[in-house]
Amino acid sequence: MNCDEVVVLLSPEIDGEIDGLRSHAIGKHLLSCAACRSRCHSLQSLRQRLRDELPRHAAPPATRDRVRHTTEAAATHLRPTERPAARWSWFSGGALSGALGISLLWVASTGMLPTQNRQDLATQVVGVHTRATLGNHLIEVASSDRHKVKPWLSARLDYAIPVTDWADAGYPLVGARIDRLDGNSVATLVYRYRDHVIDVFVRPDPESEAKSDSIPALRTVRGFNVAVAHGAEMQWVATSDLNGTELEAFVTGLARGTVKSPS
Amino acid sequence: MPEHADFERLVMVHLDAGYNLARWLARDSQDAEDVVQDACLRAMKYMGSLKGQDGRAWFLTIVRRAFYDWLAHNRPAQALRSEGADIDALIDEADGPEQMLQHKTERLALADAVAALPLSFREAIVLREIEGLSYKEIARVADVPIGTVMSRLARARRLLQASTMLRTLSGAEPGVQQ
């Protein structure tokens, strides 16, 4: 690759959106070209500043309250429409243009806890895992370098997790991404074991000390195994098509910080 | 009412993300609230279509659509010239070191520069850098091909780098010279 080719790819490259082969070629070019290296650094520092400095505007409590009131009132008038559309394009119509005008009946409906309908954890993680693998959105930061993965995750979450590449034990770290579980952002570490992809969801677990010795719960959902372990003040939930015994051993090892080779 | 319990679980958890997008696009908190209100009503109506999809990207799609409808209704002139216009203002405003001093912090200046980007670039930057969406997700939310997302982000970053304001503020760091 020459400079012209590399320059147009630098922006998607720093976003991790370039496939491995071209990414490798870009890396090779950067080694030998100081000008492109400087362009790349400049882009990276801009991105870092954007991530550090752009304010994320949270909905003010009053806005949140008003949204609740409006939608609860409207819920008494509208039945949710079940439509099998695969795309979302029909939101574009002014379908609800009159909805705000509906007289607001404040219905005191209590007991709408968000946890009430919470999906079973195992079903949730298998859903996230299959969507990520099928949707080709497995990895947001591709690296086996924990010094790259850990800060990437820390910058996006309000907690920090231990990150280790277990390639020596046969489980190379491939990368990471951010997912949502129970409505909260969660760190997802992606490992490989032979041809199996293993997603490991890691989130704070205040009761980890009490549970660290307990046997991980193992579940199977739609053919995927889900194993849970607790350690390092975190809950570790692993899912994969890898067999259950090995997955259990792996996630327990992760939680304890000592992964052993299965063979 | 089960429908509303679903609404809490599927939509209200993403209210901050939706409000943030609306706030960055509308650049005003009152307008952002109007947009989010409308978006929530739409989301409630079409919640049945959200089967196993990522709720956040789904809701952001609705918020974005609600914003453009709001824009066409309330600011028809701006809706027409939303592409490419504001960046001139950004560069004009940043023409001297005296004006640099008026900015209290770098943080403010960078946020201002983003706020001055043309709409389509601004939404790409906000979805990518604040929400952390992938190109594929942004393409879905903004209803454009992935290649367009790629070029919008690249151009947005070039504009941010090229603005005198940022070059000066980031000290010795040169922008991209081409």
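Me: What should I know about the model and its numbering before starting?
Reply: This is a predicted model, in which local features need pLDDT of at least 70, side-chain atom pairs count only at pLDDT 80 or more, and totals for chains, interfaces and linings use all residues. Residues are numbered from 1 along each chain as its sequence is written, chains are lettered from A and ligands numbered from 1 in the order in which they are written, and side-chain values use heavy atoms, with hydrogens and water left out.Me: How many helices and strands does chain B have?
Reply: Chain B has 12 helices and zero strands. Helices (H or I, at least four residues) and strands (E, at least two) are DSSP runs, numbered from the N terminus.

Me: And how much of chain B is buried?
Reply: Of its 178 residues, 58% count as buried. Buried means under 20% relative accessible area, exposed over 50%, and partly exposed in between (1.4 Å probe, protein chains only).

Me: What share of the contacts in chain B join residues at least 24 apart?
Reply: The share is 67%, among contacts between residues at least 6 apart in sequence. A contact means heavy atoms within 4.5 Å.

Me: Moving to chain A, where is Thr188(A)?
Reply: Thr188(A) belongs to strand S3 (residues 184-193) of chain A. Its relative accessible area is 0%, so Thr188(A) is buried.

Me: Which side chain does the side chain of Thr188(A) make a polar contact with?
Reply: The partner is the side chain of Asp179(A), at 2.7 Å. A polar contact is a pair of N or O atoms within 3.5 Å; within protein, one must be able to donate a hydrogen and the other to accept it, and residues adjacent in sequence count only if both atoms are side-chain atoms. Beyond its neighbours within four places in sequence, Thr188(A) also has contacts that include Gly175(A), Val200(A) and Phe201(A).

Me: What about Arg47(A), where does it lie?
Reply: Arg47(A) is in helix H3 (residues 34-53) of chain A. Its side chain reaches the backbone oxygen of Ile14(A) at 2.4 Å. Not counting residues up to four places away in sequence, Arg47(A) touches Ile14(A) and Asp15(A), together with Glu129(B) and Arg157(B).

Me: Are Tyr171(A) and Phe250(A) buried or exposed?
Reply: Both Tyr171(A) and Phe250(A) are buried. Phe250(A) also forms an edge-to-face pair with Tyr191(A), at 5.2 Å centre to centre and 80 degrees between the planes. Tyr191(A) lies in strand S3 and Phe250(A) in helix H8 of chain A, so this pair ties together parts that are 59 residues apart in sequence.

Me: Last one: what is the phi of Arg194(A)?
Reply: Phi of Arg194(A) is near 50 degrees, a positive value in a residue other than glycine. Arg194(A) is found in the loop between S3 and strand S4 (196-204) of chain A.

Notes
Residues numbered from 1 in each chain as written. Chains lettered and ligands numbered in written order. Heavy atoms only, no water. Phe/Tyr/Trp six-rings, centres within 6.5 Å; stacked < 30°, edge-to-face > 60°.
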